[in-house]
Amino acid sequence: MPRQLEGSVAVAETVAACRPDVICAYPISPQTHIVEGLSRIVKTGGLGSCEFLNVESEFGAMSACIGASATGARTYTATASQGLLFMAEALYNASGLGLPIVMTVANRAIGAPINIWNDHSDAMSQRDSGWIQLYAETNQEAADLHVQAFRLAEELSLPVMVCMDGFILTHAYERLEVPTAEQVAAYLPPFEPRQVLDPDEPMMIGAMVGPEAFTEVKYLMHAKQQMALAAIPQLADEFERDFGRRSGGLLRRYRCQDAHTVVLALGSVLGTIEDVIDDMRDEGVAIGAVGLKCFRPYPLDAVRTALAQAERVVVLEKAFAVGAGGIVGQNVRLALSGLRPRVHDVIAGLGGRPITKASLRRLFEQAVDDRLGRGMTFLDLDHDVVARELQRLEAR
Amino acid sequence: MAKQQIKFFQTGSFAVGGRLLDPEQRSVQSDARRSNTLTSGHRACQGCGEALGARYALDAAMRASGGRLIAANATGCLEVFSTPFPESSWQLPWIHSLFGNAPAVATGIAAALRAKGRDDVRVIGQGGDGGTVDIGMGCLSGMFERNDDVLYVCYDNEGYMNTGVQRSGATPPAARTATTQAVGEAPGNVFGQGKSAPLIAMAHEIPYVATATVADLRDLEAKVEYAMGLRGARYVHVLVTCPLGWGSASADTIKIARLACETGLFPVFEAEAGDVTAVTKIRRRLPVEAYLRPQKRFAHLFEPEERTDVIARIQARADRTIDRFGLLP
Amino acid sequence: MYSVRIHGRGGQGVVTSAELLSLAAFLEGRHAQAIPSFGSERTGAPVVSFCRIDDREIRLREPIAAPDALIVQDPTLLHQADVFAGLVPGGRVLLNSSRTAEALGVAGLDAQILTVPASELARTHLGRPLPGPAMLAAFAALTGVVSLESVLAAIRDRFKGAAGAGNAAAAQAAHAFALREGVHA
């Protein structure tokens, strides 16, 4: 039954349908409506014996999740931006300990300067943390990915973060189907932990590992994440079979058939991109898009296959490595090394700057005409302002 | 809580828990069926007060909970010397996560147990002064404020010992550490106002707060057992001598802890819901010098010249503590 | 696709208005997307929200730069913020005011303007000067993009009890007012 709902509320109801045992909550814009929604569901008895913990910080949130998950509880939290960074130490700890925690990241820019609006710098900053990273294009997909995330996490014993664009998705009201508890129960079996703190079978978790074994432990972490590359498409197929709609997977191609130019992006901007592609296709331009749904593990082979036939690839990303260049762009170049396509890095939407159809149209036309320069292009950059400031810097 | 006054039948000895006592009054350690939760083979220093305190505290908690206990341990000496992969000294379900999050991990464990209806299984969080009083303070306070069902034990050796004896918020004034060296015009640690974790715990009005030392191990056991009989957030702060960090003889661990009590520098007391309920009186008061002299971390107060001014300030602190807690009979 | 931009100040229910409008369209079986323009929550600060309505899935996600219609819930914004930016030629404008467009100084615009005393109607029927639902009903009358019935259903879905009845009454009054006074669909 479709409903008209706020994205955050849909996520809250979906997470509740997954029947978590412990939810740890610390508020940060723009995730607040998710934890508020879950708090209400738990308090009104909608989740039986689920424990909802109001913790004192994001570091506390992830730490409590670690304790709960290690004790065999299906565990969930949500955060964004500064909160994600504040729990960074705990993120690495959770993945290193192989705990199947699921977390929503309501993507938001990282300060300074403080900025509460959407971009991907938060999740991108933790791309090496050992967490699986999934990116939702729509609120429907955001809700659906949480169901798949719990299944994936618990099957592989790895934590999973579901990324959804802050405000753009979290605070958008749109039409979607919220998975019911019954539907979820058919897809997601009860949590069977690989390791659990239990007086009946004592074990210890979190030993100090020295040089003689550490490398092997990390190698195995990498190998385990790679297993997700096979698991994710399978789980998405099963989801489609059980729920009747396609969500997730490694990536999604849009009108890439015979495309000489392909735009690659993550998250909600894909919707706007698809509108522009439709317009340009109507005018006979062979342009398509690839939406990357799974960023970690990096689906290198799938990206290579999707892009290999193009002449040029425009990577549109909402974060970048200061002092270096595009992050997703680097990863795409890795997949395409030795192959024909030229890769252009376009940085857009930082700190919530809207990415408009008009700007994208101009950008794609430039790309098609090979008028995009080398290095990063910053979409809609105010060149006058930066020129003036650089001049001042140099004058000193 | 009532504690039986025990008469010492062996002159000159403080040995308790022997055949002359009723079985119920004997130390957990005297029981062959004790859990040995922190068993032998760990890498602690000779004379480590923390290993001693942890053994007594954990075995008492295990007896009180019928062996149904899960421990969350902060990074620090205790964690490092007890779990060198692939070995472990622990004989209970045990997790080490990070330095600053042991209270939060314990909170999570307790929440999971509650969600699963396992109220027969109890939770203990533990860490050193660094992980508790400094970097763990935020999580600790959160755990207190929520009144999570966790017993948290802090083993206070007054410094970051595992990393090489650096100053912590619990390091006493004038003490030498690697980051408050015995050089310059005011050698050793500064004279601040201190940071009393037990008083902070009491300010949260949690069900039970107690201090103890490794000089009176039966007292430590009794307090842990009493705490385990309660639900909600409980805090036990144990002074544990560190021969390496304090520069004391490894055979003097218990003696030095006793001197901390007898000089009034470390008050031994209990509190419930924010009010002090019992205090251990000083049997034979000593001047602070008696405590300071045997520790090299205070050597600069005596050589090359005796710093009577500094010692007087330390004495004034002891006097204030004695006054404040009513430590004299 | 039909685009509506709603202007007001924090505390006036600007975001709720966009959501209600999207809900009304949804109840008619259409696709609708409501987005708040997001800032820190501050009562009294200028706020903008957006609503897109279409018969197919709406993929576009950007602020509405070229609205087909504007709803201005606070007339003090008229000469402070550029509320009319991008309005399509001849676009529909609803202003919450008991004064005329001429009196408000906006009569010369290339737009079909209707002023509605929504705050007064809300005060009368609801007891509080929250103009949103009334403005939406006037919008329905002016444009026909959604029906009054759908607006009322959305109002009752969001507001329970006395608030629901009061808002619905204000909406009906505003709808009738708009039909009487305005340029209508």
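Predicted model: local features only at pLDDT ≥ 70, side-chain atom pairs only at ≥ 80, totals over all residues.
1. Chain A has a radius of gyration of 21 Å, which agrees with the value near 21 Å for a compact globule of 396 residues, the radius being taken over C-alpha atoms and the globule rule being 2.2 Å times the number of residues to the power 0.38. Of these 396 residues, 61% count as buried, meaning under 20% relative accessible area with a 1.4 Å probe, protein chains only.

2. In chain B, B:Asn157 is buried, at a relative accessible area of 6%, and its side chain makes a polar contact of 3.4 Å with that of B:Glu50 (a pair of N or O atoms within 3.5 Å, one able to donate a hydrogen and the other to accept it). The C-alpha atoms of B:Asn157 and B:Asp129 are 6.7 Å apart, although 28 residues separate them along the chain.

3. Helix H9 (residues 253-262) of chain B is largely enclosed by the rest of the structure, because seven of its ten residues are buried, among them B:Ile256 and B:Leu259.

4. On conventions, residues are numbered from 1 along each chain as its sequence is written, and chains are lettered from A in the order in which they are written. Local features need pLDDT of at least 70 and side-chain atom pairs pLDDT 80 or more, while side-chain values use heavy atoms, without hydrogens and water.

Terms used: Buried < 20%, exposed > 50% of the residue type's maximum accessible area, 1.4 Å probe, protein only. Helix = DSSP H or I, 4+ residues; strand = E, 2+ residues; numbered from the N terminus.
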